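User: I have a structure open and want to go through it with someone. Can we take it step by step?

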Amino acid sequence: MGMLAIVISLALLMYFAYRGVTVLLLAPVMGALAVVLSGDGGFLLPIYTSTFMAALSGYVLQFLPIFLLGSLFGQLMADSGAANTLARWIVQSLGQRRAIISVVLACGLLTYGGVSLFVVAFALYPVAVSLFKAADVPKRLIPGTIALGAFTFTMTALPGTPAIQNAIPIPYFGTNVFAAPGLGLIGACFMFTVGLWWLQRRAAQAKAAGEGFGQHEDNDEQGQDGQPAQHGRWSVMPVPMAVLPLLLVVGINALFTYVVFPQTDFSFLKERFAGVDPQKAMGLWSLIIALALACITLVIMRLGRWTNLKESVNKGIFGFMLPLFNTASEVGYGAVIASLAGFAIIRDAVLNVSPGNPLISEAIAMNVLSGITGSSSGGLSIALQTLGADYLSMAQAAGISPELLHRVAVMAAGGMDTLPHCGAIITLLAICKLNHRQSYRDIATVTILVPLPALALVITLGTLFGSF
């Protein structure tokens, strides 16, 4: 009955999430349902206060700076005009006829530089409408194009990406965001190449059928000259200035990860912070420093030119709260599920999928949980909260490096996370004023069917040659 209670709870979580119910409510309610159905209803309140809230608060304590600084940086990039400048620079460099690759590269550049997925989608959608209309490419391909550039290779595979998904495994495995860089690059190239091929093939089919851009109400996105409408807060920024904050995020992160912190003696921390392990914290420290300095640089570069700096800062700060607490609530839910007796059966089944290769078991667990929650960060957090220590010990016993474990976990979380109930997909379609029937086939192809073989390729190479 314990395992059935978990299955019912998970099924209802996925159903109501698809119906648009917030996970802030779903996570504690579905966790409570699992507790009651498993026969532990008498312990409901202690489990809520000591298990659910402890896991939630622990996650917030650990990752709040990353969510906060990432959200602030993305908002500053958008409101300073840097994001718009970079998008237009790529478009002008490649030409309007290369609409699909222009949008993919613009999304990839911005997300790899630390701009949040949703900021990128809002910023690039008007540009994409203009390009796709000029190239006579169907508008229904815009969501898939944005998703390829923002939700795939730059989110999970490229080494050094500041995406929260790439930061989550750090405290569990003692790694950093540059884990397994060679394998990450291979996986990223696979996703980019195959995903781009699919979208261009679909565009060619539409052209042969004479489909064209289609009839859509896009007057609100277009200016009188057919170009994306300029928002009042955007201003002209030289391309080198727009690129600099992105380079700082990656460059400073790498500097502290590989040069500064490895040469620093942290023995002075032991007396005052006995519970801190610098080896497991350095990856997060490096990312915090990089994002903070990039935010400061953006503000200084645009001093005197902000339409309303206070509004931009406040919007960026407030914007981090919902994503953080959504994910933290899912972590709390995972902790409740892991505390139930029925979970032991599920855990043993997952861990024994491939006893000789924990990478396969890990990939399955991350994909399943990300698919259920409709969130790569949520599924990844739940899986590592409940199984992270097991995977690390299994990997060490099998001679598999934590870096490879890190990369596989992150790439796997970016596989099944974009099922139809995924909040990011629903938001993306809303931004583009399209629906699942029109665009989900292409979104699913570039965010699920392409990343899964890329993950299989990385697991195969990592098993044969180790982490590189």
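Predicted model: local features only at pLDDT ≥ 70, side-chain atom pairs only at ≥ 80, totals over all residues.

User: OK, helix 22. How many residues does it have, and how far does it reach?

Analyst: Helix 22 covers residues 451–465, which is 15 residues. From first C-alpha to last it reaches 21 Å, close to the 21 Å expected at 1.5 Å a residue.

User: Which residues in helix 22 are buried?

Analyst: Pro451, Ala454, Leu455, Val458, Ile459, Leu461 and Gly462. The buried residues of helix 22 pack against helix 11 (181–208), helix 17 (358–373), helix 19 (402–413) and helix 21 (436–449).

User: What follows helix 22?

Analyst: Gly466, and its phi is positive, near 80°.

User: Switching to charges. How many salt bridges does the structure hold?

Analyst: It holds 3 salt bridges. In one of them, the side chains of Arg140 and Glu211 meet at 2.7 Å, N to O. That pair links distant parts of the chain, 71 residues apart: Arg140 is in the loop between helix 6 (117–135) and helix 7 (142–151), and Glu211 is in the loop between helix 11 and helix 12 (239–260).

User: What about Asp442 and Arg140?

Analyst: Asp442 forms a salt bridge with Arg140, with the closest N and O atoms 3.9 Å apart. Asp442 lies in helix 21 and Arg140 in the loop between helix 6 and helix 7, so the pair ties together parts that are 302 residues apart in sequence. Asp442 is buried, at 1% relative accessibility.

User: Which residue does Asp442 meet at 2.7 Å?

Analyst: Arg202, in a salt bridge between the two side chains. Arg202 is in helix 11 and Asp442 in helix 21, 240 residues apart. Both Arg202 and Asp442 are buried. Salt bridges that share partners join Arg140, Arg202, Glu211 and Asp442 into one network.

User: Ser439 is in helix 21 too. What does it touch?

Analyst: Leaving out residues up to four places away in sequence, Ser439 touches Arg140, Pro143, Leu429 and Leu434. Ser439 counts as buried because its relative accessibility is 0%.

User: And Thr327, where is it and is it buried or exposed?

Analyst: Thr327 is found in helix 15 (residues 321–339). Its relative accessible area is 4%, so it is buried. Not counting residues up to four places away in sequence, Thr327 touches Tyr59, Phe67, Ser377, Gly378 and Ser381.

User: Last topic, the surface. Which residues make the nonpolar patch?

Analyst: Met3, Leu4, Val7, Ile8 and Ile345 make a nonpolar surface patch of about 420 Å². Helix 1 (residues 2–18) gives the most to that patch, with 4 residues. Ile345 lies in helix 16 (residues 343–351).

Key: Residues numbered from 1 in each chain as written. Heavy atoms only, no water. Helix = DSSP H or I, 4+ residues; strand = E, 2+ residues; numbered from the N terminus. Expected span 1.5 Å × (residues − 1). Buried < 20%, exposed > 50% of the residue type's maximum accessible area, 1.4 Å probe, protein only. Contact = heavy atoms within 4.5 Å. Patch = residues over 30% accessible without salt bridge, like charges linked within 9 Å, V, L, I, M, F, W, Y side chains within 5 Å. Areas by Shrake-Rupley, 256 points an atom, 1.4 Å probe, with all protein chains shown as cover. Salt bridge = Lys/Arg side-chain N within 4 Å of Asp/Glu carboxyl O.
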